[in-house]
Amino acid sequence: MRAPDQTIHIGLNAPPDGSVEAEAIRQSLSSAVRVGRHLFLGCDETATLERVTDLGGGRFGEHRSYKLAELVDLPGKDDDEVDVEGLAWEPPYLWLVGSHSRKQGKAKRGMDFKEASEALADVDVDDNRYLIARIPLEDDPEAGGMVPRKSCPDPRDPQRTLTAARLRGRGRNSELIRELSEDPHLRRFIKIPGKDNGLDVEGVQVDDGRVFLGLRGPVLRGWAVIVQVEPVDAKGGGRMKLRELEAGGRRYRKHFLDLDGLGIRDLARDGDDLLILAGPTMDVSAPAGVFRWRGGMRVEEESLVPAEALERVTMLPHDVEGGSDHPEGMCRFDEGHGPRTLLVVYDAASASRQDAHGVTADVFALPSPGVLGTLAETLTSFVTRDGGS
């Protein structure tokens, strides 16, 4: 496990109208992306998008919270959680993805058998979780910088209007789910809750319209999955459809990666490479780390990526017992200026990461491709993989 090279403080204390408590936002960070001097953040317990601004000295503040229902036509009720698990910035659009997963009840300590068995039998399907959307950002000096809009002029062509849109279909009948329901590898996992190795989207990256979706689950006999799609505008406005990619009319591609049995928690771009935040699929004691897939952003065909073709960038701080500090989101932090760095945010932040106004996140120096980690990291990964102690 590696200590961070820097720690930053993210002030999160201004929900939109009191419908969401600031503490709930601080406790449920699941994704992050840097856009200029701003960080945009997603949470897995809200229907909002958060923005903070670089104040200098390792501090981000001036928290703004935007209701997603005011930006894009959500599949479900306006205030139902979206479970935003991935964010990506490809100008002029901010892309976001929901988990597309079913949610199972928890058996909590202190419950008797009847209560626990009923909780474990309760599986919810929230329509807003089945969301893939793009939202334009507009530079508005009066609003303090980049602001998400339902529509706005294109800064590259003021005669053209940019519009927010989501993938067509509603909830579990979204176009992505309809496509995957015929897939020989993934169809059996669509109705299984996400935390039980069911379908669970937790990362997104975008390159020239190609959208890469990293799956926390399922992990298939140790192989993690990335699903690649290409949403394009559909007729009528406010909707996107999937472009045909494969023979026979299939509208997605699959990539299988050997991440030591871990699932994908987030994706980030580093040039033509794809950085993969990996962690356990289920509620088990397991490590978390970042892998590099060389040339992953430029792949043209479906692929099988063995462990020896992936570089282990770093092992991350984590609560291996599963109680808190789950590495959930990451993004490039340096924006191409100065030393190359990676920001990691944590879900279920421990008390040591929180104060009354915000949480801390970690920044790690990003080694150049092909540069091995420290001997300690290499030994740690070896011992973890082979079951040592």
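**Exercise 1.** Is Cys331 buried or exposed? Determine also which cysteine sulfur is nearest to that of Cys331.

*Solution.* The model is predicted: local features need pLDDT of at least 70, side-chain atom pairs count only at pLDDT 80 or more, and totals for chains, interfaces and linings use all residues. Residues are numbered from 1 along each chain as its sequence is written, and side-chain values use heavy atoms, with hydrogens and water left out.

Step 1. Cys331 has a relative accessible area of 4% and is therefore buried (under 20% relative accessible area; exposed is over 50%, partly exposed in between, with a 1.4 Å probe and protein chains only).

Step 2. The structure holds zero disulfides (a disulfide is a pair of cysteine sulfur atoms within 2.5 Å). For Cys331, the nearest cysteine sulfur is that of Cys43, 14 Å away.

**Exercise 2.** Describe the surroundings of Thr53.

*Solution.* Step 1. Thr53 belongs to strand S4, residues 48–56 (strands are DSSP runs of E, at least two residues, numbered from the N terminus).

Step 2. With 1% relative accessibility, Thr53 is buried.

Step 3. Beyond its neighbours within four places in sequence, Thr53 is in contact with Arg37, His38, Arg59, Phe60, Gly61 and Glu62 (contact means heavy atoms within 4.5 Å).

**Exercise 3.** State the strand order of the open sheet of four strands and identify its edges.

*Solution.* Step 1. The order is S21-S22-S23-S25, with antiparallel pairing (two strands pair if DSSP finds at least two bridges between them).

Step 2. Strand S21 (263–270) and strand S25 (310–315) are the edge strands, each pairing on one side only.

Step 3. Between S22 (residues 273–279) and S23 (residues 289–293) there are five bridges; Leu275 has Arg292 in S23 as its bridge partner.
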